[in-house]
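Visitor: I am new to this structure and would like to learn how to read it. Could we take a few features one by one?

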Amino acid sequence: MPTSAIMTKNGLPALKINEEVIAPCGYMSYQIDKADYSGFIACGYKLIFVPVYMGDRGINPMSGIRPFYPGFWVGKDRYDFSVVEENFKKVIATYKPGEIWIIPRVMVEPPSFWEEENPDELCRDFSGKSVHQSYSSDIWFHDTEKAMAALQDFLVKSKIDEYIVGWQIACGWTEEFMRPAIYPMQLTDYSDTSVRAWQRHLKEKYGDVEVLNREWLTSYREFEDISVPSPAERVYHLEEEEHYPMSVAEYNRFRSEETANALISLARSAKIIIGGNRVVGAFYGYAGTKFGHDAIDMVLNSAEVDFLASPFAYDTQRAIAYIKE
């Protein structure tokens, strides 16, 4: 089993695999049959990211993009890794461990059957419409952890694990730990499970509801009376940040902390599952309250998350740079 760690070399980040140090950039394609892995490797690089899906949902529910491959989580405690194995074999081809290294990008959004079986664990908008799982759901974390362990068992038994130097945990909108949405400005999470988590957060922070009332200039009788701010409150105050009411400011931080906790918890489980001595990372760290990434301090300070990845620039159709006239 290879080991890996993030390190600094000549003042720049690098990835150490066993005793070898390589550039911390990798090749990733959703179209495995069309990808030019050999061309990338011929340039002197070795790191390949391979997409792996747990569920049967697309990475962007608003666009309608479907999963590029079937998910391996096919029923309660039932997994089918046939497509996963086929894809890994295409990437590995005739290369030996050390000639290439692989980090699977594991999309942990649950399958539709899980959503049907767990309606109380789903994220919901103000109207009650569900949008995938809630980040407040302990059941989702537990079941996802079991699915991750099953994936690792498969990788070990198939000997694909000899190529694996870490995992990238993917979740949410376009796999980037943003909350999924079906239409523009669809705000969530108004599910009962998340509202209860919000109320627990306030109770743990303030201790006494009268302390909160003094801070917020409100008159709640108990924490259970406090609801998630309405979409109108949240939308308006996204645009008028200097006039945030305390309830909206507090909820935005809670939402970001909940997202960060989801990432950290999943990364912690993944790190343990793959042996504790390989890197785990994710897409995360986009500026702006609407992304729910304002708790990046939690992620950067966590021991569980070793790297934050990103595609190259999105501007002007992902050009690396451009000059304005």
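Visitor: Is strand β12 mostly covered or uncovered?

Guide: Mostly covered: five of the five residues in β12 (residues 279-283) are buried. Buried means under 20% relative accessible area, exposed over 50%, and partly exposed in between, using a 1.4 Å probe and protein chains only. Helices (H or I, at least four residues) and strands (E, at least two) are DSSP runs, numbered from the N terminus. This is a predicted model, in which local features need pLDDT of at least 70 and side-chain atom pairs count only at pLDDT 80 or more, while totals for chains, interfaces and linings use all residues. Residues are numbered from 1 along each chain as its sequence is written, and side-chain values use heavy atoms, leaving out hydrogens and water.

Visitor: Which way do the residues of β12 point?

Guide: In a regular strand the side chains alternate between the two faces of the sheet. Here V279, G281 and F283 point one way and V280 and A282 the other way, and all are buried.

Visitor: Which strands pair with β12?

Guide: Two strands pair if DSSP finds at least two bridges between them. Strand β11 (residues 166-170) runs parallel to β12, joined by four bridges, and W167 stands opposite V280. Strand β13 (residues 307-309) also pairs with β12 in the parallel sense, over three bridges, with A309 as the bridge partner of F283.

Visitor: Which residues of the largest nonpolar core touch the most other members?

Guide: In soluble globular proteins, nonpolar side chains tend to be buried together. A nonpolar core is a set of buried Ala, Val, Leu, Ile, Met, Phe, Trp, Tyr and Cys residues joined through side-chain atoms within 4.5 Å. The largest one has 58 residues, and F72, F88, I102, L151, W167, I169 and F177 touch the most other members. Helix α4 (residues 138-157) gives the most to this core, with eight residues. Another core, of 16 residues, lies apart from it and includes I17, W173, A181 and Y286.

Visitor: What lines the largest cavity?

Guide: On a 1 Å grid over the protein atoms alone, a cavity is a set of points where a 1.4 Å probe fits but cannot get out, and lining residues have an atom within 4 Å of a point. Grid points are joined across faces, edges and corners, and a volume is the space filled by probe spheres set on the points. The largest cavity holds about 40 Å³ of space. Its lining is P51, V52, Y53, Y69, P70, V83, V84 and N87, with β5 (47-53) and α2 (82-92) each supplying at least two residues.

Methods
1 Å grid on protein atoms, 1.4 Å probe; cavity = no way out; pocket = protein on both sides within 12 Å on 5 of 7 lines; lining within 4 Å.
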